[in-house]
Amino acid sequence: MPKNKGKGGKNRKRGKNEADDEKRELIFKEDGQEYAQVLRMLGNGRCECMCIDGTKRLCHIRGKMHKKVWIAAGDIILVGLRDYQDDKADVILKYMSDEARLLKAYGELPENTRLNEGIVGDLEEDEENLAEDYVEFEDEDIDRI
């Protein structure tokens, strides 16, 4: 077998994504586009999103973003609407957390939109429910067990 003459493998060839650190210009929606929040990832380059207009759509992550820009539940994205399918859309851009806060400050996103959190649920409600389920043992009880 021939010897390996290169340095490293796939990760070295991929390189570093240094362009993410730079500030980029905030992109607003145009005609045929809508802001959306990711409800859940479905796999195969698709996700389920709740658009700001109140419609739940199945979104397809375009090839330029696939495996390069990681999208998770709760992220704010820009989707391109389809003329022929109202229940499907294409992901154009993922907004970083600071960009999403700016969109909310400019009034592009409604005030009730929750940022920086997954769609799992309210943390305060979960903590209250955990407090009810909590059982406290004393040292004597533990010794008997």
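View 1. Leu109 counts as buried because its relative accessibility is 2% (buried means under 20% relative accessible area, exposed over 50%, partly exposed in between; 1.4 Å probe, protein chains only). This is a predicted model, in which local features need pLDDT of at least 70, side-chain atom pairs count only at pLDDT 80 or more, and totals for chains, interfaces and linings use all residues. Residues are numbered from 1 along each chain as its sequence is written, and side-chain values use heavy atoms, with hydrogens and water left out. Leu109 sits in the loop between α2 (97–105) and α3 (123–133) (helices, H or I, at least four residues, and strands, E, at least two, are DSSP runs numbered from the N terminus). Ile52 is 57 residues away along the chain, yet the two C-alpha atoms are 7.3 Å apart. Beyond neighbours within four places in sequence, Leu109 has contacts that include Tyr35, Ile52, Ile76 and Leu115 (contact means heavy atoms within 4.5 Å).

**View 2. Lys94 in strand β5.** Strand β5 covers residues 88–94 and holds Lys94. Lys94 counts as buried because its relative accessibility is 17%. A polar atom of the Lys94 side chain lies 3.0 Å from the backbone oxygen of Trp70. Setting aside neighbours within four places in sequence, Lys94 also touches other residues, among them Arg24, Met65, Asp75 and Glu99.

**View 3. Leu102 in helix α2.** Helix α2 contains Leu102. Leu102 is partly exposed because its relative accessible area is 39%.

Technical notes:
Polar contact = N/O pair within 3.5 Å; in protein donor to acceptor, adjacent residues only side chain to side chain.
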